[in-house]
Amino acid sequence: MSASRWQQIGEGFWNLRGSFRVGGLVEIGTHLSLVRLQDQRWAFLDAYSLDDEQIAAAEQIAGGHDRIVAVLNLHPFHTVHVRAMHQAFPRAQLYGTERHRQRFADLPWADECTEQSALHRRFAADLVFTVPRGVDFISANEQVHFSSVLALHRDSAAIHVDDTLMCLRMPLPLRWLGIRELVSFHPSLGFALQKRAGAAAEFREWAEDLAEDWGHARHLCAAHNSGLSAAAAGPGGLRPLLQRALQKMNGTLKRHQRSWG
């Protein structure tokens with residue numbers, strides 16, 4: 001996907017790949033999605049410092065600046081572009097996690113936080129949300145960014161996710177063999193699991209539910225890596241890829257259970 005242009009992923013779902021460099025050197029990328037609501041208005045999922053061309057393109061997609069009515073920040077540790085996004089679309093209702101609200105207390109936040117069920121009910125006609133269980137949503141270790149609010153856009157069957165799930169594009173020799181992308185959970189899971197009995201089992205149950213309930217999805221847009229196309233998802237949708245992602249975490253979950261129960 002382009003690093004600077006909006007790409008249509010599915011019906012009423014557009015995604016933009018942005019730049020993010022760790023330590024100013026290693027490019028891992030980031031992203032922003034623009035989704036259509038049933039009332040034909042639009043909402044952003046997450047934030048990015050858009051240039052004039054990108055703003056104009058988003059306005060064209062939505063049918064006008066005022067038709068973009070909400071910005072939903074879904075990852076508590078993705079905060080770099082929050083203020084710039086609000087400045088670009090000041091009339092869009094601003095939503096964020098509790099950590100966003102604390103870090104930018106001067107911004108006009110909506111009452112509901114994006115990790116809360118009240119927000120999920122507000123957008124239920126258009127979006128389904130889920131928050132991983134058994135892990136810290138906001139880790140005391142600010143280097144652990146595993147958890148986020150995942151969003152499924154109903155009309156497009158597209159999932160927008162930040163660090164929780166990763167989609168890595170395989171090297172060319174593997175793509176020749178038909179292995180195009182690898183879906184996996186973020187490797188920080190072992191640090192994110194809550195240090196208590198039952199946490200690993202709760203996460204496993206959540207991940208199994210995710211594969212079952214969202215397995216029909218055809219598209220996966222993840223923050224710091226490549227996006228997964230409809231064709232690459234295969235006829236079974238994302239279910240087998242999500243199931244394999246959980247299987248790869250078996251060792252991590254078993255080690256946690258041996259230590260904490």
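Tutor: A residue counts as buried under 20% relative accessible area, as exposed over 50%, and as partly exposed in between (1.4 Å probe, protein chains only). This is a predicted model, in which local features need pLDDT of at least 70, side-chain atom pairs count only at pLDDT 80 or more, and totals for chains, interfaces and linings use all residues. Residues are numbered from 1 along each chain as its sequence is written, and side-chain values use heavy atoms, leaving out hydrogens and water.

Student: Why is H256 called buried?

Tutor: H256 has a relative accessible area of 7%, and the cut-off is under 20%, so the term applies. H256 is found in helix α10 (residues 250-260). Residues touched by H256 include L193, Q194, K195, R196 and G261, with those up to four places away in sequence not counted; to touch is to have heavy atoms within 4.5 Å. The C-alpha atoms of H256 and A201 lie 9.6 Å apart, although 55 residues separate the two along the chain.

Student: What makes both faces of strand β6 covered?

Tutor: In β6 (residues 42-45), W42 and F44 are on one side, A43 and L45 are on the other, and all of these are buried. The strand itself is a DSSP run of E, at least two residues long, while a helix is a run of H or I of at least four, and both are numbered from the N terminus.

Student: How do you know that β6 pairs with β5 and with β7?

Tutor: Pairing takes at least two bridges found by DSSP. β5 (residues 30-36) and β6 are joined by 4 bridges and run antiparallel, with L34 opposite F44. β6 and β7 (residues 68-72) are also joined by 4 bridges but run parallel, and W42 stands opposite I68. Both pairs therefore meet the criterion.

Student: What makes α7 and α9 roughly antiparallel?

Tutor: The axes of α7 (residues 199-214) and α9 (residues 239-247) come within 8 Å and cross at roughly 165°. Angles over 145 degrees count as roughly antiparallel, under 35 as roughly parallel, 65 to 115 as roughly perpendicular and the rest as oblique; α7 and α9 therefore fall in the antiparallel class.

Student: Which residues of α7 and α9 meet?

Tutor: From α7 they are F203, R204, A207, E208, L210, A211 and E212, and from α9 they are R239, L242, Q243 and L246. By class, this contact has 6 nonpolar, 1 polar and 4 charged residues. Ala, Val, Leu, Ile, Met, Phe, Trp, Tyr, Cys and Pro are nonpolar, Asp, Glu, Lys and Arg charged, and the others, including Gly, polar.

How values were computed:
Axes are lines fitted to C-alpha atoms, for helices over the stretch in contact, and angles run from 0 to 180 degrees between N-to-C directions.
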